[in-house]
Amino acid sequence: IQVQVLLAKLGVILPHLPLPLDLQELVSSRDVIPGEAVGGKHVLQETSIISHLRRIGALDTEMDGSSRLVAIELGAGTARLSDRLQRVTNATLQHVLIDRRAFQQSSSRDRHMVARSQTYGRGIDTSSVERVVADIASLNLGDYVDFSSERRPQRCVCMSKHLCGPACDLAIASMSRVQPSIRRPPCALASCCHYL
């Protein structure tokens, strides 16, 4: 039964993927932070997720010269994935960190990300890192991304690392609720191994 459920979920996702998409282990040297050891499993996982997003064009910031990219991390926890993405992209993206639980400032990467965006963000305002305490089940991407602005529309990319199986389902559902006139956001959702 679990295999049938997984196949049904893949059937929903596959029409929205740019195909052909070779399934392979991918860690691009472009996404490795200079001087950092790439040995730990978390570093490899985060780098692989970012490399996959880059490979499908999800991190291209200059699509039409006017759009702005918002990186939404679902089940952000302490925001290690967003922190790595911000360092790899030289703080050029806006980040929305969504988790149903609040994290202590001392254990999360938020303050480091805010400081980095102010130092290296090239004109990005201080709201470039936003922490949201919310349940993915009720998530509306339009609350965090201005898809409709004629002057400067925003695009988003959704990502997660170690999101549980039911939360992955809810994340996919939230992305499918984006208005039909707007292209569904690209995503890289790595589920927790307990749900595979």
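Strand β2, residues 94-99, is mostly covered, with 6 of its 6 residues buried. Keep in mind that this is a predicted model. The protein has 5 helices and 5 strands, and along the sequence they follow the pattern α-α-β-α-β-α-β-β-α-β. Of the 196 residues in the protein, 40% are buried. If you take the contacts between residues at least 6 apart in sequence, 73% of them link residues at least 24 apart.

**β2 and its neighbours**

- β2 pairs with strand β1 (residues 68-74) in the parallel sense, over 5 bridges.
- Within that part of the structure, Leu 74 has Ile 98 of β2 as its bridge partner.
- To get from β1 to β2, the chain passes through helix α3 (residues 80-88), and this β-α-β crossover is right-handed.
- Strand β3 (residues 129-133) also runs parallel to β2, and 5 bridges join the two.
- Opposite Val 96 stands Glu 130 in β3.

**The crossover helix, α3**

- α3 is mostly covered too: 7 of its 9 residues are buried.
- Those buried residues are Leu 81, Ser 82, Asp 83, Arg 84, Leu 85, Gln 86 and Val 88.
- What do they pack against? The list takes in helices α2 (41-55) and α4 (110-120), along with strands β1, β2, β3 and β4.

**Asp 110 in α4**

- Asp 110 has its place in helix α4.
- Is Asp 110 buried or exposed? Asp 110 counts as buried because its relative accessibility is 9%, and the cut-off for buried is under 20%.

- Asn 90 isn't a glycine, yet it has a positive phi of about 55°.
- With a relative accessibility of 46%, Asn 90 counts as partly exposed.
- His 162 is another non-glycine with a positive phi, here about 65°.
- His 162 lies in strand β4, and at 41% relative accessibility it counts as partly exposed.

**The second largest pocket**

- How big is the volume of the second largest pocket? It comes to about 510 Å³.
- The lining of the second largest pocket has 24 residues, and nearest its centre are Gly 75, Ala 76, Asp 99, His 162 and Leu 163.
- Which elements supply at least two residues each to the lining of the second largest pocket? They are α3, β2, β4 (154-163) and α5 (165-176).
- By class, the lining of the second largest pocket splits into 12 nonpolar, 4 polar and 8 charged residues.

Terms used
Residues are numbered from 1 along each chain as its sequence is written. This is a predicted model: local features need pLDDT of at least 70, side-chain atom pairs count only at pLDDT 80 or more; totals for chains, interfaces and linings use all residues. Side-chain values use heavy atoms; hydrogens and water are left out. Buried means under 20% relative accessible area, exposed over 50%, partly exposed in between (1.4 Å probe, protein chains only). Helices (H or I, at least four residues) and strands (E, at least two) are DSSP runs, numbered from the N terminus. Two strands pair if DSSP finds at least two bridges between them. A crossover is right-handed if, with the strands pointing away from the viewer, the path from the first strand over the helix to the second runs clockwise. On a 1 Å grid over the protein atoms alone, a cavity is a set of points where a 1.4 Å probe fits but cannot get out, and a pocket is an open set with protein on both sides within 12 Å along at least five of seven lines; lining residues have an atom within 4 Å of a point. Grid points are joined across faces, edges and corners, and a volume is the space filled by probe spheres set on the points. Ala, Val, Leu, Ile, Met, Phe, Trp, Tyr, Cys and Pro count as nonpolar, Asp, Glu, Lys and Arg as charged, and the others, Gly among them, as polar. Contact means heavy atoms within 4.5 Å.
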